[in-house]
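Here's a quick briefing for anyone meeting this structure for the first time. Have the sequence and the 3D view open while you read.

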Amino acid sequence: MQFEVTILGCGAATPTLQHQPTAQAINWQGKWILVDCGEGLQTNLRRYKIPLQKIELICVSHLHGDHVLGLPGLLGSMNLFGRDKPLHIAGPASIEKYVNQALELTHTYIRFPINYTDCAHIHDGVLFEWGENLVRCFPVKHRIEGYGFSFNHRPISYKIRKNRIATHNLQRSEILCLKGGQEVQRSSGELLRVEDFCEPPKPSLKYVYSGDTRPCKSVANEALNANLLYHEATFAHELASTAKATGHSTAQQAASLGYEANAILLVLGHLSSRYRDENKVLKEAQAIHPKVSLADEGMRIRLIPGEMPTVDYLE
């Protein structure tokens with residue numbers, strides 16, 4: 001299964017010569033998803049050969065400028081290049097007002113449908129679901145309304161051991177129950193257990209994006225056993241009081257959360273320009289979590305169910 005996260009921007013607050021503001025592209029078996037749309041987004045979409053017109057969903061964590069200023073221009077370019085298929089945007093309710101006003105004031109007339117989903121009204125957390133895949137949203141603790149997102153692949157059917165069909169004279173109804181993970185109680189009293197008749201379930205996959213947030217239970221719960229956790233680390237821990245006051249996290253806090261959640265790979269993002277030497281942030285996290293990387297533009301993280309995440313860098 002193909003699941004790749006490409007970092008388009010990972011800086012905090014403003015563009016710098018080192019980092020662009022936050023944006024990511026996910027290639028999920030050919031389904032393209034953007035996570036946040038910081039300023040300068042389109043340049044890196046081109047640089048890393050992300051097919052702009054194939055983007056189906058944009059997940060917006062919150063309405064601070066470093067996460068949304070690239071969105072109106074992106075929509076304008078999609079329109080200019082002749083897009084006609086619908087685009088879905090999920091985030092706080094105010095994202096629709098922001099987009100509409102930006103397009104109206106710049107006389108940008110969009111000729112393709114945009115469908116909006118207000119994350120506050122998704123009570124079960126499930127934004128989209130297809131086959132064995134789902135996208136979830138969850139509230140986080142920032143200065144304004146904000147959300148994180150998780151991307152999950154969960155095999156939901158078991159594979160029957162073919163030799164058991166004949167030896168136990170399995171009926172079609174029994175096979176369907178076992179494949180669906182349900183035990184079967186026969187009228188004779190015999191109990192057919194899933195683990196005795198089916199292959200072990202295929203491994204799942206989970207990527208969790210924290211958005212801008214203080215350390216909070218909603219992120220920790222969502223990140224439990226994640227293959228990849230992308231957590232903001234705006235500050236080193238010496239500025240923990242500043243992080244709390246501004247609704248952000250320190251590298252130490254992000255690492256502690258990732259370690260306790262048993263996340264396999266922790267990637268730190270939303271990196272502040274105050275740290276010329278970002279190794280300070282990295283080392284702080286490495287003292288707690290065994291597998292940590294700093295985000296960087298062009299970083300591509302590949303996730304394969306049952307395997308360790310791999311990282312390479314696009315030119």
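Let's start with the rings: there are 6 aromatic pairs in this structure. Keep in mind that the model is a predicted one.

**Aromatic rings**

- One of the pairs is Phe-151 with Tyr-207, which is stacked, with 5.7 Å from centre to centre and 15 degrees between the planes.
- Phe-151 sits in strand β9 (residues 147-153) and Tyr-207 in strand β12 (residues 205-209), so this pair ties together parts that are 56 residues apart in sequence.
- Both Phe-151 and Tyr-207 are buried.
- Tyr-209 and Tyr-230 make a stacked pair too, because their ring centres are 5.6 Å apart and their planes lie at 20 degrees.
- Here the link is between β12, which holds Tyr-209, and strand β13, which holds Tyr-230, so parts that are 21 residues apart in sequence are tied together.
- Tyr-209 counts as buried at 1% relative accessibility, and Tyr-230 is buried as well, with a relative accessible area of 4%.
- Phe-151 and Tyr-207 also belong to one aromatic cluster with Phe-3, Trp-28 and Trp-130.

- Strand β13 (residues 228-232) runs parallel to β14, and 5 bridges join the two.
- Glu-232 has Gly-269 of β14 as its bridge partner.
- β14 also pairs in the parallel sense with strand β15 (residues 292-294), over 3 bridges.
- In that pairing, Val-267 has Ser-293 of β15 as its bridge partner.
- To get from β14 to β15, the chain passes through helix α11 (residues 279-286), and this β-α-β crossover is right-handed.

**Strand β4 and its neighbours**

- Strand β4 (residues 55-59) has 4 of its 5 residues buried, so this strand is also largely enclosed by the rest of the structure.
- β4 pairs with strand β3 (residues 31-37) in the parallel sense over 4 bridges, and Ile-33 has Leu-57 of β4 as its bridge partner.
- Together with helix α1 (residues 41-47), β3 and β4 make a right-handed β-α-β unit.
- β4 also runs parallel to strand β5 (residues 87-91), joined to it by 3 bridges.
- Cys-59 has Ala-90 of β5 as its bridge partner.

**Empty spaces**

- Rolling a probe the size of a water molecule over the atoms shows where empty space is left.
- The largest pocket holds about 190 Å³ of space.
- Among the residues lining this pocket are Glu-132, His-153, Ser-157, Tyr-158, Lys-159 and Glu-199.
- The pocket lining also includes several prolines, namely Pro-155, Pro-200, Pro-201, Pro-203 and Pro-305.
- By class, the lining of the largest pocket has 6 nonpolar, 2 polar and 4 charged residues.
- How many cavities of 30 Å³ or more does the structure hold? There is 1, and the largest cavity has a volume of about 40 Å³.
- Tyr-209 and Tyr-230, the stacked pair from above, are among the residues that line the largest cavity.
- Others in the cavity lining include Thr-22, Ser-210, Gly-211, Asp-212, Glu-232 and His-270.
- β13 gives the largest share of this lining, with 3 residues.
- The cavity lining divides into 2 nonpolar, 5 polar and 2 charged residues.

**Loop residues with positive phi**

- Most residues other than glycine have a negative phi.
- His-107 is not a glycine, yet its phi is positive, near 55 degrees.
- You'll find His-107 in the loop between α4 (94-105) and β6 (114-118), and it is exposed, with a relative accessible area of 56%.
- Asn-262 has a positive phi too, about 65 degrees, and is not a glycine either.
- Look for Asn-262 in the loop between α10 (251-260) and β14.

Definitions and conventions. Residues are numbered from 1 along each chain as its sequence is written. This is a predicted model: local features need pLDDT of at least 70, side-chain atom pairs count only at pLDDT 80 or more; totals for chains, interfaces and linings use all residues. Side-chain values use heavy atoms; hydrogens and water are left out. On a 1 Å grid over the protein atoms alone, a cavity is a set of points where a 1.4 Å probe fits but cannot get out, and a pocket is an open set with protein on both sides within 12 Å along at least five of seven lines; lining residues have an atom within 4 Å of a point. Grid points are joined across faces, edges and corners, and a volume is the space filled by probe spheres set on the points. Ala, Val, Leu, Ile, Met, Phe, Trp, Tyr, Cys and Pro count as nonpolar, Asp, Glu, Lys and Arg as charged, and the others, Gly among them, as polar. Two strands pair if DSSP finds at least two bridges between them. A crossover is right-handed if, with the strands pointing away from the viewer, the path from the first strand over the helix to the second runs clockwise. Rings of Phe, Tyr and Trp (its six-membered ring) pair if their centres lie within 6.5 Å; planes under 30 degrees apart count as stacked, over 60 as edge-to-face and the rest as tilted. Buried means under 20% relative accessible area, exposed over 50%, partly exposed in between (1.4 Å probe, protein chains only).
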